[in-house]
Amino acid sequence: MDIITAPSYEAMSEAAANQIIDLVKLNPHSVLGLATGGTPTKMYELLIKDHLAHHTSYKNVTSFNLDEYAGLKKDHPNSYFSYMNQTLFMHLDIQQQHTFIPNGIAESLEKECARYDQLLQDMGPIDLQVLGLGENGHIGFNEPGTSFESETHIVRLTESTRHANARFFGSMDEVPTHAVTMGIKSIMKAKEILLLVSGKNKKNALERLLDGPVSEDFPASILKKHPKVKIIADKSAYSRTNIIA
Ligand SMILES: N[C@@H]1[C@@H](O)[C@H](O)[C@@H](COP(=O)(O)O)O[C@@H]1O
């Protein structure tokens, strides 16, 4: 794993956006794995800015999102479907039929998981997977204890994850209890992984990732086994090195 520290959230986002832009320019048919949450929002803003200024095109790009809440309609303001459309897709020339997000309101979530795995198999592998880091080490919605062999599956969210995400909802009661997420095995199939870590509340998780053992108790630790992982952390999340992005 390579780790780069950026002096600020903005600099971290810029380094991440540049990596995506370079990849898409090099291979206009790239398959991107995308994350939601607070961490990548600035990176998405910078992709839009670049698209408007320099016309980087996404019309042949395919994207797969990591996860979706179970039970939220697509047009619910807190669904990851809404997040992705508003934060990124509607501002780019990406084709909607090339953007994939698990359907959290499928009649059978089990069948939805199988469908998503099939799509990943048919259109993958993902060239670059962007990840955020949960305070408890989750990646996607793979909570502690998830098998490293997992593919897309339904998860019961931990109270700590629901609590961390409650800031996007009116109250804790509104935060869904379950989600559909790409599994650890699916994430590890990506050719390259970019993990973004921002803010002091991620400091402990990042230290545990770097110093701790590879264990299903801490899902992100599996990234140590991936051949091509870059971590970009801002200064508040990590201050050990002074390599600047
Ligand atoms: N399911 C999402 C993840 O995909 C995200 O990477 C992580 C960190 O979120 P944030 O960036 O808001 O801290 O937790 C959320 O629960």
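Covering here rests on contact, meaning C-beta atoms, placed from the backbone, within 7 Å. Helices (H or I, at least four residues) and strands (E, at least two) are DSSP runs, numbered from the N terminus. The model is predicted: local features need pLDDT of at least 70 and side-chain atom pairs count only at pLDDT 80 or more, while totals for chains, interfaces and linings use all residues. Residue numbers start from 1 along each chain as its sequence is written.

The arc is taken from the directions from the helix axis to the C-beta atoms.

Helix α3 (residues 80-87) buries Tyr80, Phe81, Tyr83 and Met84. Their arc around the axis is only 165°, which puts them on the same side of α3. An α-helix has 3.6 residues a turn, so residues three or four places apart point the same way. The cover over the buried residues of α3 includes β2 (31-34), β3 (62-65), β4 (67-69) and β5 (99-100).

The largest nonpolar core has 66 residues, of which Ala16, Leu194, Leu195, Val197 and Ile232 touch the most other members. Such a core is a set of buried Ala, Val, Leu, Ile, Met, Phe, Trp, Tyr and Cys residues joined through C-beta atoms within 7 Å. Helix α1 (residues 9-26) gives the most to this core, with 7 residues. Beyond four places in sequence, Leu195 touches Leu131, Leu133, Leu223, Val229 and Ile231.

An unreviewed UniProt entry places the feature "active site" at Asp67, Asn136, His138 and Glu143; such annotations may be inferred rather than shown by experiment. Two of these residues, His138 and Glu143, lie in the loop between β6 (128-131) and β7 (153-156). The table leaves out contacts up to four places away in sequence.

| Residue | C-beta neighbours within 10 Å | Contacts |
|---|---|---|
| His138 | 26, buried | Glu143, Thr161, Pro219 |

Notes
A residue is buried if 20 or more other C-beta atoms lie within 10 Å of its own, exposed if 12 or fewer, and partly exposed in between; C-beta atoms are placed from the backbone. Two residues are in contact if their C-beta atoms, placed from the backbone, lie within 7 Å.
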